[in-house]
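Have the structure open and follow along.

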Amino acid sequence: MGFKSYCFKKSLWVFHFGGASCNNCDIEILDCLTPRYDLERFGILLVGSIRHADVLLVNGSINRKDKDRLLELYQQAPKPILVVAIGACGCTGGIFAEGNTFAGPVDKIIPVDAYIPGCPPKPEAIIAGIVKLVKSLP
Amino acid sequence: MSKKFLIPIGPYHPLQEEPELFKLYCDGEIVRDIKWETGYNHRGIEKLSESKTYDQVFFLVERICGICSTSHPFAFANAVEEIAAVEITDRTKYIRSIIGELERIHSHLLWVGLAGHFLGYNTVFMWAWKYREPILDLFEMITGNRNSYAMFKVGGVRRDIENRMIEPVTKILDDFKKKNDLLTGAVMDDPVIHARTKGVGVLSRQDIIDYAAVGPTARASGVAIDVRRDDPYAAYPLVNWKVITAEEGDVFAKAEVRLLEMYESISIIEQCLQGLRKEKEGDIQVKVNEIPEGIGTGRAEAPRGEVFHCVFSDGSNSPLRHKIRAPSYSNIATFKKSCIGQTISDATISLAAVDPCYCCTERLAAVYDSGSGRKLYNARELIGLSADRTSELRNKNDLK
């Protein structure tokens, strides 16, 4: 087991960055934490500061105002950190990719470890994505 | 001697789902002034809309806001149907109203949960979101997706609610009604919630009129405005329901209005389902051959208030200009009245009480910081951005 996977062996703490999104992915991420899906039983916890986080969830298309802030957050994050792009907008820019304020997608700005497509992805898909990501670590 | 200081909330704050920045100017514990900065969520939707055909715009306006993702297509459909002078079938009307009201229930429950969370009352948060799940299941059953429904098109809806589906839908609604009774009772009788929300963030009738607030925010202060009644559309004139109002104007009154509105919504859905039985199955669209030249306005009552769409058509297959006004745009301005003079701890729930939705609101082209006079973005700069983008694309693709 490498050092990187050792870091992610126990409970994952998650920081959520909602870019210029339509809110759908945000509420589905919150949904993952509420009683039906209840991710907290696996130790996955939404934290208030990027300095406490193991995983950075990014959703929504990234506009010019968000871009610098996302970059700054990534620089502040303790390494190693996993970055997950959620939703069609996070992965590619989706329907907003042609917009005049679009500055993304996420993987043009920071390195991304996992993509969870869907508009919005169902909570099951988000959970499956995180599980696959953790399993794929060397 | 107290010292003045500034508390920033956001833009990426764990309490908020969406990015926005509030600056609370405080004197000790008391909030003296509030400013907010938006633009983190601007996606240029009005401009994008001009590059899409009328059928594609529905998918775009649905993604203005994930929570009120039916209200925007609803208003847009009303606007385009006004230009094309189309009279939709009764079955379409009923289906549209059912989707609209289901959305209202899910949105209000979401708000009740978040309000509980803002008060530090996470039990309410977990409860409300648990009871919201059956509604999302209903959406998945009817439309195939939990959040973006893609039900609307010009002159009709994309999917039918078949008669065999009426019974399971009614059953889920009946189960939900019992849970809703429980939740409403718990919230309305809870002494902690009373203590935290009564007399907090009060907006008087005059404030509502001055700031042109809409939706539950206005109705909680005794201003009975509701587009569903004032400018009837879809099936709302065909069913019996009433506009819920409260007089106090505080946070508790807003919660009360929303909780009681859910009962009205359930009643509307039940009557619409009865109405569906009378109509012929599959009679869900009117053929629209062309959209003539003209201007159409469409209004719809979103869970947060009035959504207004104005579409300019030049007779081609995409809008010439598309103007959108979302309810939070006017509701957010009431913060100037409801938050100033409160303690910091009460300010958060006052901010949350209008159910602000920033992804709806961000149509803004010019923003000035009134304190420093600093220009954050003006219309010309924004057009400049667009022009830059065009020339960038032109150079990249070697277009002349």
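Start with A:Pro80, which sits in the loop that runs between helix H3 (64-76) and strand S4 (82-86) of chain A. Keep in mind that this is a predicted model. The bond to look at here is the one between A:Lys79 and A:Pro80: the peptide is cis, with omega at about 0 degrees.

Chain A has another cis peptide bond to check, joining A:Cys119 and A:Pro120, where omega is about -15 degrees. A:Pro120 belongs to the loop between strand S5 (114-116) and H6 of chain A. You'll find A:Asp38 in the loop between H2 and strand S2 (45-46) of chain A.

**Chain A as a whole**

Zooming out, chain A is built from 6 helices and 5 strands. Read from the N terminus, the order is α-β-α-β-β-α-β-α-α-β-α. Its radius of gyration is 14 Å, close to the 14 Å that the globule rule gives for 138 residues, so chain A is as compact as a globular protein of that length.

How do helices H2 and H6 of chain A pack? Helix H2 (residues 24-33) and helix H6 (residues 123-136) of chain A meet at an angle of about 75 degrees, their axes 9 Å apart. H2(A) and H6(A) are therefore roughly perpendicular to each other. On the H2(A) side the contact uses A:Glu28, A:Ile29, A:Asp31 and A:Cys32, and on the H6(A) side A:Pro123, A:Ile126 and A:Ile127. Sorted by class, that contact has 5 nonpolar, no polar and 2 charged residues.

**Chain B**

Chain B has 16 helices and 10 strands. For 400 residues a compact globule would have a radius of gyration near 21 Å, and the 22 Å of chain B agrees with that.

A helix pair worth a look in chain B is H6 (residues 166-189) with H11 (residues 251-278), packed at an angle of about 165 degrees with axes 11 Å apart. That angle is over 145 degrees, so H6(B) and H11(B) are roughly antiparallel to each other. Their crossing is left-handed. Residues in this contact include B:Leu173 and B:Lys177 from H6(B), and B:Ile266 and B:Glu270 from H11(B). The contact residues divide into 12 nonpolar, 3 polar and 4 charged.

| Chain | Box filled by C-alpha atoms |
|---|---|
| Chain A | roughly 45 × 35 × 25 Å |
| Chain B | roughly 70 × 65 × 35 Å |

**Where the chains meet**

Now for the interface: 33 residues of chain B are in contact with 30 residues of chain A. Which elements of chain B give two or more residues to the side that touches chain A? They are helix H1 (45-49), helix H2 (54-62), helix H5 (122-143) and helix H16 (379-396) of chain B. H5(B) supplies the largest share of that side, with 4 residues. By class, the side of chain B that touches chain A has 15 nonpolar, 9 polar and 9 charged residues.

Conventions. Residues numbered from 1 in each chain as written. Chains lettered and ligands numbered in written order. Predicted model: local features only at pLDDT ≥ 70, side-chain atom pairs only at ≥ 80, totals over all residues. Axes fitted to C-alpha atoms, helices over the stretch in contact; angles between N-to-C directions. Parallel < 35°, antiparallel > 145°, perpendicular 65-115°, else oblique. Left-handed = near helix turned anticlockwise from the far one by under 90°. Contact = placed C-beta atoms within 7 Å. Nonpolar A, V, L, I, M, F, W, Y, C, P; charged D, E, K, R; others polar. Rg over C-alpha atoms; globule rule 2.2 N^0.38 Å.
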